[in-house]
Amino acid sequence: MNVILLGPPGVGKGTQAKRLTEEYRIPQISTGDMLRAAIKAGSQLGKEAKGFMDRGALVPDSVVLGLVDERIRADDAKNGFMLDGFPRTVVQADTLGEMLVKQGRAIDHVVCLLAANDELVRRLAGRRTCNKCSAPFHVDFKPPRKPGVCDACGGELYQRDDDKEEAIRTRLVTYDTQTKPLIEYYKGKKLLRSVDGLGSMDAVYARIREALGPA
Ligand SMILES: [Zn+2]
């Protein structure tokens, strides 16, 4: 099963994708994670990407497409994959479609998670990450026992540059203008499954499963 998970930043795509990939036994392919790994490794591609991500802008297609093409050819993606954070524009969606045709494959479902912008800002601006072990926290939903300190390793918690409010607002505007047209695009191809992204993680998960059908 080849799935695209669509939705604004902060709607919980990553968390849901992890759970879905376990049940459906397909890898989650997150371009955000792949790019962050490249940044951490300090590669040329990583340096290039960081400048864009810190401003809340989109990383250029040439960079992201190369990563995705290589990743979906890997052995663990033979029986399917779940794309999280890609495609983000209609141009990328077209290119992805062509890339898949060359591999004799196609997208089966596009799940779109929906939520209001104010709720998304609240969720994202509260995120904190450990600078040592990368454990995630949230000032409202998952506060550490001691403010600013990681429960797991005692490391210092910090706010990712792209989770600062100004960058979040920019990311949401970017989503509305560049990514939202994908909803119509995939609706036209009869692949879109819209899912309400509000409520508990379990409730949202159940709705996605219903949209996708059995594993
Ligand atoms: Zn830690």
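Start by colouring the charged side chains: the protein chain has 34 positive and 29 negative charges, and their mean positions are 2 Å apart. Here Lys and Arg count as positive and Asp and Glu as negative, while His and the chain ends are not counted. Each charge is placed at NZ of Lys, CZ of Arg, CG of Asp or CD of Glu.

Keep in mind that this is a predicted model, where local features need pLDDT of at least 70, side-chain atom pairs count only at pLDDT 80 or more, and totals for chains, interfaces and linings use all residues. Residues are numbered from 1 along each chain as its sequence is written, and side-chain values use heavy atoms, with hydrogens and water left out.

**The whole chain**

Now switch to a cartoon view. You will find nine helices and eight strands; these are DSSP runs numbered from the N terminus, with H or I over at least four residues for helices and E over at least two for strands. The radius of gyration is 17 Å, close to the 17 Å that the globule rule gives for 215 residues, so the chain is as compact as a globular protein of that length. That radius is taken over C-alpha atoms, and the rule is 2.2 Å times the number of residues to the power 0.38. Of the 215 residues, 44% count as buried. Buried means under 20% relative accessible area, exposed means over 50%, and partly exposed lies in between (1.4 Å probe, protein chains only).

Next, select D33 and R36, which both lie in helix 2 (residues 31-41), three residues apart, about one turn of the helix. Their side chains meet in a salt bridge (3.3 Å, N to O); the term asks for a side-chain nitrogen of Lys or Arg within 4 Å of a carboxyl oxygen of Asp or Glu. D33 is partly exposed at 38%, and R36 is partly exposed at 30%.

D162 is buried, at 11%.

**Last stop: helix 6**

Finally, go to helix 6 (residues 117-125), where R123 and E119 are four residues apart, about one helical turn. Their side chains meet in a salt bridge (3.0 Å, N to O). R123 is buried, at 15%, whereas E119 is partly exposed, at 23%.
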